[in-house]
Amino acid sequence: MRGTGGAPLSALHDVLLLDLDGVVTIGDQAVPHAVDALRAARTDGLSAVYVTNNDQRAPHAVAAHLTGLGVPSGAGDVVTAAQALARLAAADLPTGARVLTVGGEGLRAALLQAGLTLVASADESPLAVALGYTTALDWAALTEICHAVSQGLPYYSTCADPVLRTPRGLAPGVGAAVAAVTTATGRTPQVAGKPAPALHREATARGRADRPLAVGDRLDTDIAGAHAAGATTLLVLTGTTRPAELLGAQPGQRPTHIGRDLRDLLVAHPTVHGADDGFTCAGWHVTHHPPTHHLTVTGEGRDPLDGLRALCAATWAATDTGTHLPDPAPALARLGW
């Protein structure tokens, strides 16, 4: 877990590569504090590119929604998995090729813009299959996909996210539909969205970033995708990932920084220091006790988030040596998580 040397995190970067769901928005609403934090970051000179696996809306619609929430944006500031899928398909298929498409307006618009033809049935001689998110998904649509995929046609999905976070709780994502098709056909799609690095690389180029900071709420997509693209990362705890899951992060999914929400863009992040007896961060100390391998948290730091930073460092160091740690719940409870 890297510190910022006393400077606000925002001062170390020139462009934010922001996930949307769980970071800036939940459903149609803004995440608490997100709008004010992004306005402040813009005032500090940071620009923003929105990098999302959400394929439901075209970039201009996403930008209009963000603008309506109070974050002025243009279509060029939005990079979606639907755009990435359309680029993949257009590179593989002849112009005008028929694609059996199940997804929302964002995916449909991207495929049409790429010069492809949309069809809804395996009986319409498609040359490929494209699967994205749609609330209109039903058994009939899944059946058409399975018929086409089982014929060996090229098969793409916008992402493999199994769940979406909504104001009412978790809901099935594109990955849930992918799993159903895989169960029926034995085939898996070529996934266009995160954690493949293409979205973050496109966003970095579009934002002309020299020092990008990728911000997300998921380890397996946002952080892994940014890590693969070589970007510094900030995980915020406003979406899917909870502290216990963060402690179990694998090396390619470990964030450079963690924050409660986007306000942590605007503050300094303390350094985590390691020593023979454990890890410390801003008044908190985490000690590993072999042979039981329990972790204990001591100290009276001002911010439990700093304790979580030290706990992450201690946990990751132990697991990297092959140590199996017991349930982290007591240590997290000590910090109020």
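Student: Which element gives the most to the lining of the largest cavity?
Tutor: Strand β10 does, with three residues. Strands (E, at least two residues) and helices (H or I, at least four) are DSSP runs, numbered from the N terminus. Please note that this is a predicted model, in which local features need pLDDT of at least 70 and side-chain atom pairs count only at pLDDT 80 or more, while totals for chains, interfaces and linings use all residues. Residues are numbered from 1 along each chain as its sequence is written, and side-chain values use heavy atoms, with hydrogens and water left out.

Student: What counts as a cavity or a pocket here?
Tutor: On a 1 Å grid over the protein atoms alone, a cavity is a set of points where a 1.4 Å probe fits but cannot get out; a pocket is an open set with protein on both sides within 12 Å along at least five of seven lines; and lining residues have an atom within 4 Å of a point.

Student: What volume does the largest cavity have?
Tutor: About 190 Å³, a volume being the space filled by probe spheres set on the points, which are joined across faces, edges and corners. Of its 21 lining residues, Asp21, Asn53, Asp161, Val163 and Leu164 are the closest to the centre.

Student: And by class, how does that lining divide?
Tutor: It has five nonpolar, seven polar and nine charged residues. Ala, Val, Leu, Ile, Met, Phe, Trp, Tyr, Cys and Pro count as nonpolar, Asp, Glu, Lys and Arg as charged, and the others, Gly among them, as polar.

Student: Which residues line the second largest cavity?
Tutor: Among them are Leu16, Leu38, Arg42, Tyr50 and Val71. This second largest cavity holds about 50 Å³ of space, and α1 and β4 each supply at least two residues of its lining.

Student: Turning to the largest pocket, which residues lie nearest its centre?
Tutor: Asp21, Gly27, Asn54, Gln56 and Arg57, out of 17 lining residues. The largest pocket has a volume of about 330 Å³.

Student: Now the helices: at what angle do α5 and α6 pack?
Tutor: At about 50°, with their axes 10 Å apart. That makes α5 oblique to α6.

Student: Which residues make the contact?
Tutor: Leu142, Ile145, Cys146 and Val149 of α5 meet Ala177, Val181, Ala184 and Thr185 of α6, where contact means heavy atoms within 4.5 Å. Seven of these residues are nonpolar, one is polar and none is charged.

Notes. Axes fitted to C-alpha atoms, helices over the stretch in contact; angles between N-to-C directions. Parallel < 35°, antiparallel > 145°, perpendicular 65-115°, else oblique.
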